[in-house]
Structures are given as C-alpha cells and as structure tokens.
Amino acid sequence: MGKTNLIDHVVPGADVVKCTTRIGAEISNIKLSADLPDNTIAAINGLVLEHKVIFFRNQSHLDDAEQERFALRFGKLSQFPEGTRPILDIDSAGEDLRADIWHIDWSCMDAYPKISVLRAVVIPPVGGDTVWSNTAAAYLDLPPPLQRLANDLWAVHSFPGAYMQRYNEALAGPKIETEHPVVRVHPETGELTLVLGSYVAGFVGLSKQDSQRLFDLFESHITAQENTVRWKWKPGDIAIWDNRATMHCATKDYGDQRRLVRRATIEGEVPVSVQGRYSVARSKFVGPP
C-alpha cells in the first residue's frame with residue numbers, strides 16, 4: 001500500500017512497503033545479521049518507531065544464536081523469568097504460553113521490553129497469523145473526554161495469570177505486580193500510547209466490575225480494525241515491533257498442527273505518565289525457589 005525508502009540510503013535496493021496506513025511495513029532486499037553496520041541498525045530501529053511493527057521474509061539463515069546476536073544490536077536482552085534463556089519458545093505443542101489473547105510482552109514488569117524480535121520456525125499450513133495494533137493511533141482516536149479519563153487512570157499488571165498457564169500452576173499467586181499509567185509517554189517519539197492487555201488485573205481505586213467495563217471500552221478502541229495489521233507467517237520470517245506502542249495477539253485457528261516461533265525481547269524503560277509519574281513495582285519476581 002504505499003512505499004517509503006527510509007532505509008534505501010544505507011542499504012541500496014532495500015524496499016519498504018506499508019501494510020496499512022496506520023501500522024506495519026514489509027522490508028525487502030535485506031539480509032538480517034548481527035554484523036550489519038550501525039547505520040543500518042539505526043535505520044531499522046527508525047522503521048520500527050515509524051511503522052510500529054516491521055516484517056522481513058526469507059531470513060531462514062538465522063538460527064537461535066544469530067537471532068540472539070542480532071537482537072543484541074538493539075539493546076540488552078530481557079530474561080524473564082530470571083534464569084531463563086534469552087530466546088523464548090512459543091510452541092503450540094507445549095501450550096505453556098498463551099499468545100492468543102491481546103497483550104503487551106511482559107507488561108507485568110516495571111520496565112517491560114521496548115522491542116521484540118520474533119522468528120517463525122514451524123508454521124502450520126493453514127492459520128496461525130499474528131495481529132498487531134497501534135496503541136498510539138488508538139489513543140488519538142479516543143474522544144477528548146475518554147482521553148482525559150485515560151490520562152488519569154493507572155492499572156495493575158500482574159503475573160502469573162490466565163496468560164501463563166504453566167506458571168499459574170507452579171506459583172501460588174502473583175509473584176510480580178506493577179502499577180502502570182494507562183497512558184504513557186513514548187521515550188523516543190513523544191507519542192502517547194495506551195498500556196493495557198491481558199496482564200491487567202484492574203484499575204487502581206476502582207472495583208473489579210468497573211475496572212472490567214472500562215477495560216473493555218479502551219480495549220475495543222485499541223483492537224479496532226483500522227488500527228491493526230495481520231501477518232501471514234512463512235518459515236524464516238522475522239517480525240520486529242515496538243512493544244511500547246503496540247499490542248498483539250496470535251490467532252489460534254490451525255487445529256492440531258504445530259506452530260513454533262522464537263522470541264527475543266530487549267530491555268525497556270520504566271513508563272512515564274502524562275503527569276510525569278513513573279510506573280511503580282508492587283512486587284518483583286526474583287526467580288525460582
């Protein structure tokens with residue numbers, strides 16, 4: 001749908017094709033590697049900030065080690081829970097992780113990841129797409145009274161919960177809770193983005209019932225079709241997204257077929273509200289006993 005060439009001046013021949021007007025772009029004619037020059041990595045980071053999520057086909061040369069090395073070019077890798085390896089398997093065969101609900105990666109953390117790098121390993125012949133939403137565009141679409149309400153709201157994000165089936169069984173109650181502003185100021189672009197998703201347990205100062213009603217209202221704006229992009233995976237694809245300005249959801253529509261993707265996340269910053277207040281960790285997970 002429309003082209004830009006932000007990266008062409010550092011990678012001759014590279015092409016950028018927008019997926020929708022609000023979110024997503026496919027980058028072609030570039031081979032991802034940890035050895036790319038600094039200006040190329042900076043250009044890729046700029047495309048992530050501009051389009052929120054970017055996609056690369058035909059990157060089957062990347063294995064776990066090279067995906068980890070490439071992700072490190074964008075910052076320190078996040079390892080949560082502590083002691084786990086930097087590359088996280090999201091494998092339908094195990095059903096440990098529920099990626100088929102709208103979420104921000106590890107938003108239960110006070111400084112949740114800023115960027116995620118996802119690699120398609122085993123893709124079912126039918127189904128298994130992922131959908132991303134632009135939470136900055138969703139905020140701008142809110143009527144002014146709802147923007148003002150969102151600006152003042154804080155939400156408790158907790159782990160584990162329905163999102164993490166295995167950890168929910170292994171751990172008694174939430175081991176980590178953080179109070180985040182519902183609206184954060186993006187540290188690089190200055191955009192205002194909504195911070196919600198499946199880790200939200202409720203809003204500070206509101207009842208469970210009122211929290212659920214408000215949560216559903218704001219989530220409906222985030223997941224509105226005009227704010228989303230859907231990616232049909234092929235093995236070897238790479239997706240990189242700004243975890244501070246998006247939510248995402250995998251579609252579980254592939255029956256008994258296996259779906260395996262591997263993700264690296266980059267450490268982020270503690271969110272700041274429109275009033276200048278920082279997110280507050282209520283309790284922190286310190287690793288297995």
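Which residue in E16 is the bridge partner of Ala-120? In E16, Ala-120 has Val-261 as its bridge partner. The close-ups below come from a predicted model, where local features need pLDDT of at least 70, side-chain atom pairs count only at pLDDT 80 or more, and totals for chains, interfaces and linings use all residues. Residues are numbered from 1 along each chain as its sequence is written, and side-chain values use heavy atoms, with hydrogens and water left out.

**View A. Strand E6 and its two partners.** Strands, like helices, are DSSP runs numbered from the N terminus (a strand is E, at least two residues; a helix is H or I, at least four). Two strands pair if DSSP finds at least two bridges between them. E6 and strand E16 (residues 260–266) pair in the antiparallel sense, with seven bridges. E6 also runs antiparallel to strand E14 (residues 238–242), and five bridges join them. Look for Arg-119, which stands opposite Ile-238 in E14. Six of the eight residues of E6 (residues 115–122) are buried, so the strand is largely enclosed by the rest of the structure. Here buried means under 20% relative accessible area, exposed means over 50%, and partly exposed is in between (1.4 Å probe, protein chains only).

**View B. Phe-55 and its ring partners.** The structure holds seven aromatic pairs. Rings of Phe, Tyr and Trp (its six-membered ring) pair if their centres lie within 6.5 Å; planes under 30 degrees apart count as stacked, over 60 as edge-to-face and the rest as tilted. With Trp-231, Phe-55 makes a stacked pair, 4.1 Å centre to centre and 0° between the planes. Trp-231 lies in strand E13 (residues 228–231) and Phe-55 in E4, so this pair ties together parts 176 residues apart in sequence. Phe-55, Trp-132, Trp-231, Trp-233 and Trp-241 form one aromatic cluster.

**View C. A charge over a ring.** The charged end of Arg-277 sits over the ring of Trp-154, 4.1 Å from its centre. The rule asks for NZ of Lys or CZ of Arg within 6 Å of the ring centre and within 35 degrees of the ring normal.

**View D. Two buried cysteines.** Cys-108 is buried, with 0% relative accessible area, and Cys-249 is buried at 11%. The disulfide count is zero, a disulfide being a pair of cysteine sulfur atoms within 2.5 Å.
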